Amino acid sequence: MIKSVEYKGKTYTRRNKMWVNKYGEFINETAQRKLDEIVFESINAEDLSYDEALEFGDEFKGSGSIDMALELYKRALNSATFEAAKYILPRVTSSLRAMKKSDVALELYVELNELYGESIVDNVLLTSVAAAYCDRSMFDDARRCVEKALEMSNGVPSQELSLVIDRMNRDENYDVFI
């Protein structure tokens, strides 16, 4: 992993997926993006292992370079086992949502569900898909995903699922879920 970058005579390091200056201060979003571009251009995504692509993707997502993260998640998917793909898919759908492409995330979910059936679905993916349905104001579909995610997690919602439920409850056009 690339943990430091030299740019315009200054050295920046990654801390908690974000770039910081020599004083440990987080730098602005534009500078984060520029440093991510430097790193992205220095790696060959096709040569990365599954783990490397996933790690780089998480770092890019953490610093706001969602498009770069998505490209690396797709690369990781190409070499992933079926079980590993289940681990990556929520990252892909949440990245698509962050790029304001909830419709693409939902299309991907439907396509994968048709290809693999319920075996590809877990509570984490359902949480991300429920959020995408909320983005599109498709609350009945979101509710079905939430109910299934709750069932898969023995009725104990993750923090992310709780946020989706809160979002559904706040919408004035939808009856309270829980």
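The protein exposes about 10,100 Å², and carbon and sulfur atoms supply 48% of that area. Accessible areas come from the Shrake-Rupley method with a 1.4 Å probe, and for residues only the protein chains shown count as cover. This is a predicted model, in which local features need pLDDT of at least 70, side-chain atom pairs count only at pLDDT 80 or more, and totals for chains, interfaces and linings use all residues. Residues are numbered from 1 along each chain as its sequence is written, and side-chain values use heavy atoms, with hydrogens and water left out.

**Overall make-up**

Of the 178 residues of the protein, 43% count as buried. Buried means under 20% relative accessible area, exposed means over 50%, and partly exposed is in between (1.4 Å probe, protein chains only). The C-alpha atoms fill a box of roughly 55 × 35 × 25 Å, taken along the principal axes.

The protein has eight helices and three strands, and along the sequence they follow the pattern β-β-β-α-α-α-α-α-α-α-α. Helices (H or I, at least four residues) and strands (E, at least two) are DSSP runs, numbered from the N terminus. Among contacts with a separation of 6 or more, 51% are between residues 24 or more positions apart; contact means heavy atoms within 4.5 Å.

There are 23 positive and 32 negative side chains, and the centres of the two sets lie 6 Å apart. Lys and Arg count as positive and Asp and Glu as negative, while His and the chain ends are not counted. The place of a charge is taken as NZ of Lys, CZ of Arg, CG of Asp or CD of Glu.

Helix α7 covers residues 139–152 and reaches 20 Å from its first C-alpha to its last, close to the 20 Å expected for its 14 residues at 1.5 Å a residue. The expected span of a helix is 1.5 Å times one less than its number of residues. F139, A142, C145, V146, A149 and L150 are the buried residues of α7. They cover an arc of only 135° around the axis, which puts them on the same side of α7. The arc is that of the directions from the helix axis to the C-beta atoms. D140, R144 and E151 are exposed on the other side of α7. The buried residues of α7 pack against α6 (123–135) and α8 (159–170). N154 follows α7 and has a positive phi, near 55°.

The end C-alpha atoms of α8 are 16 Å apart, in agreement with the 16 Å that its twelve residues should span at 1.5 Å a residue. L161, V164, I165 and M168 are the buried residues of α8. Seen down the axis, they fall within an arc of 100°, so they line one face of the helix. Q159, L163 and R170 are exposed on the other side of α8. The buried residues of α8 pack against α6 and α7.

S63 is placed in the loop between α2 (50–62) and α3 (66–79), and R91 lies in helix α4 (residues 82–98).

| Residue | Relative accessibility |
|---|---|
| S63 | 7% |
| R91 | 17% |

Not counting residues up to four places away in sequence, S63 touches R14, K17, M18, Q32 and D36. S63 and Q32 are 31 residues apart in sequence and 6.4 Å apart in space, C-alpha to C-alpha. With neighbours within four places in sequence left aside, R91 is in contact with L54, D58, K61 and Y73.
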